[in-house]
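Me: I've got a model open and want to talk through some of its local geometry. Can you take my questions one by one?

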Amino acid sequence: MDVNFEGGLVPVITQDADSGEVLMLAYANREAVAATLQTKEAHYFSRSRGALWRKGETSGHRQQVIELRYDCDGDALLYRVRQSGPACHTGAHSCFYRTLSGVPSASLGEVLGLLERVVAERLRELPEGSYVTRLHGQGLGRVAQKVIEEAGESAIAALQEPRKLASEAADLLFHLTILLRERGVALQEVADELHKRHQQRPAH
Ligand SMILES: [Zn+2]
């Protein structure tokens, strides 16, 4: 392994493998990295306790490691994980939920990931007064019809009122997310499909 454990520890950036969101920063020693590779569950070294630490051993909020990368000069690691529950001990999804400057922004992956989590929760709990609950109650055919309607409105906006296109496209993505969830298809499957095509035809 070309990782430099100078002083015994190396910083680890942990990233949500699906949304790309940065979840936390921690440290690992050789033992933690070996345990992570062996179990496919994120292990770190706790500097405050001076001990090996498996993420979620007390909270239950484990991290399934999809991929482990190291940087160009081998002095930092990247754990790409599927996070169960919040990553942060405060209950936030990511430890980096505060901004020191400017307005908080979110990446495309983060926004779509959050949208999917909210839609899935609504479909599971069907809270009264929720738009998703009402649409779900009207049946799969109605959800499919809404997707067609919003696709049509997006197309019309592109031709006649381009400044409304982003808003219409947002409606389309929202309803498409509901349709996918209704059929148990994760947005990640859609992303995997696009990624596969891009890799097959990089010039496309
Ligand atoms: Zn935290």
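Me: How does K40 count, buried or exposed or something in between?
Reply: This is a predicted model, where local features need pLDDT of at least 70, side-chain atom pairs count only at pLDDT 80 or more, and totals for chains, interfaces and linings use all residues. Residues are numbered from 1 along each chain as its sequence is written. A residue is buried if 20 or more other C-beta atoms lie within 10 Å of its own and exposed if 12 or fewer, with partly exposed in between and C-beta atoms placed from the backbone. K40 has 13 such neighbours inside 10 Å, so K40 counts as partly exposed.

Me: Where is K40, and what is its phi near?
Reply: K40 sits in the loop between α1 (30–39) and β3; helices (H or I, at least four residues) and strands (E, at least two) are DSSP runs, numbered from the N terminus. K40 isn't a glycine, yet its phi is positive, near 60 degrees.

Me: Which residue in the hairpin of β3 and β4 takes a positive phi?
Reply: β3 (residues 43–46) and β4 (residues 51–54) pair in the antiparallel sense over four bridges, and pairing here takes at least two DSSP bridges between the strands. Y44 has W53 in β4 as its bridge partner. Four residues lie between the strands, and the one with a positive phi, near 65 degrees, is G50.

Me: What is the bridge partner of Y70 in β6?
Reply: β5 pairs with β6 (residues 77–83) in the antiparallel sense, over seven bridges. In β6, Y70 is bridged to L77.

Me: How do α2 and α5 pack, and what is the handedness of the crossing?
Reply: α2 (residues 108–125) and α5 (residues 165–182) pack at about 50 degrees with axes 10 Å apart; axes are lines fitted to C-alpha atoms, for helices over the stretch in contact, and angles run from 0 to 180 degrees between N-to-C directions. That makes α2 oblique to α5 (under 35 degrees is roughly parallel, over 145 roughly antiparallel, 65 to 115 roughly perpendicular, the rest oblique). A crossing is left-handed if the near helix is turned anticlockwise from the far one by less than a right angle, and right-handed if clockwise. For α2 passing α5, the crossing is right-handed.
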